[in-house]
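Here are some exercises to work through with the model open in your viewer. Try each task before you read its solution.

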Amino acid sequence: MAKKDRKKKEKKKEKKKEKKEKRREELLDVKFTSKNILFFGVGLIMVIIGFVLLATGEITLAPILLVLGYLVFFPLGILLK
């Protein structure tokens with residue numbers, strides 16, 4: 001009986017390891033499509049414009065563009081599939 005229990009435990013451990021490996025492979029297998037690149041590009045343009053406006057003294061529009069670029073468009077570029 002002890003041998004059966006050990007075999008069951010070993011099989012469970014192997015299954016868990018396989019699941020972890022599959023998850024890692026899925027996380028590493030990120031393919032950027034044109035949609036992702038578009039969101040990155042829009043975010044980059046917004047951030048650049050935001051910094052330029054910030055340098056010129058515009059204190060209302062610049063922070064809005066920076067927040068949108070960093071917190072909306074960059075994450076969308078990463079997360080959307």
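**Exercise 1: An aromatic cluster**

Phe40 is partly exposed, because its relative accessible area is 28% (buried means under 20%, exposed over 50%, partly exposed in between; 1.4 Å probe, protein chains only). This is a predicted model, where local features need pLDDT of at least 70, side-chain atom pairs count only at pLDDT 80 or more, and totals for chains, interfaces and linings use all residues. Residues are numbered from 1 along each chain as its sequence is written, and side-chain values use heavy atoms, leaving out hydrogens and water.

Task: classify the ring pair of Phe40 and Phe74 from its centres and planes.

Solution.
1. Rings of Phe, Tyr and Trp (its six-membered ring) pair if their centres lie within 6.5 Å; planes under 30 degrees apart are stacked, over 60 edge-to-face, the rest tilted.
2. For Phe40 and Phe74 the centres are 6.1 Å apart and the planes at 40 degrees, so the pair is tilted.
3. Phe40 is in helix α2 and Phe74 in helix α3, so the pair ties together parts 34 residues apart in sequence (helices are DSSP runs of H or I, at least four residues, numbered from the N terminus).
4. Phe32, Phe40, Tyr70 and Phe74 form one aromatic cluster.

**Exercise 2: Asn36**

Task: decide whether Asn36 is buried or exposed, and find its side-chain partner.

Solution.
1. Asn36 lies in helix α2.
2. Asn36 is buried because its relative accessibility is 1%.
3. Its side chain makes a polar contact with that of Thr33 at 2.7 Å (N or O atoms within 3.5 Å, one able to donate a hydrogen and the other to accept it; residues adjacent in sequence count only if both atoms are side-chain atoms).

Notes. Helices (H or I, at least four residues) and strands (E, at least two) are DSSP runs, numbered from the N terminus.
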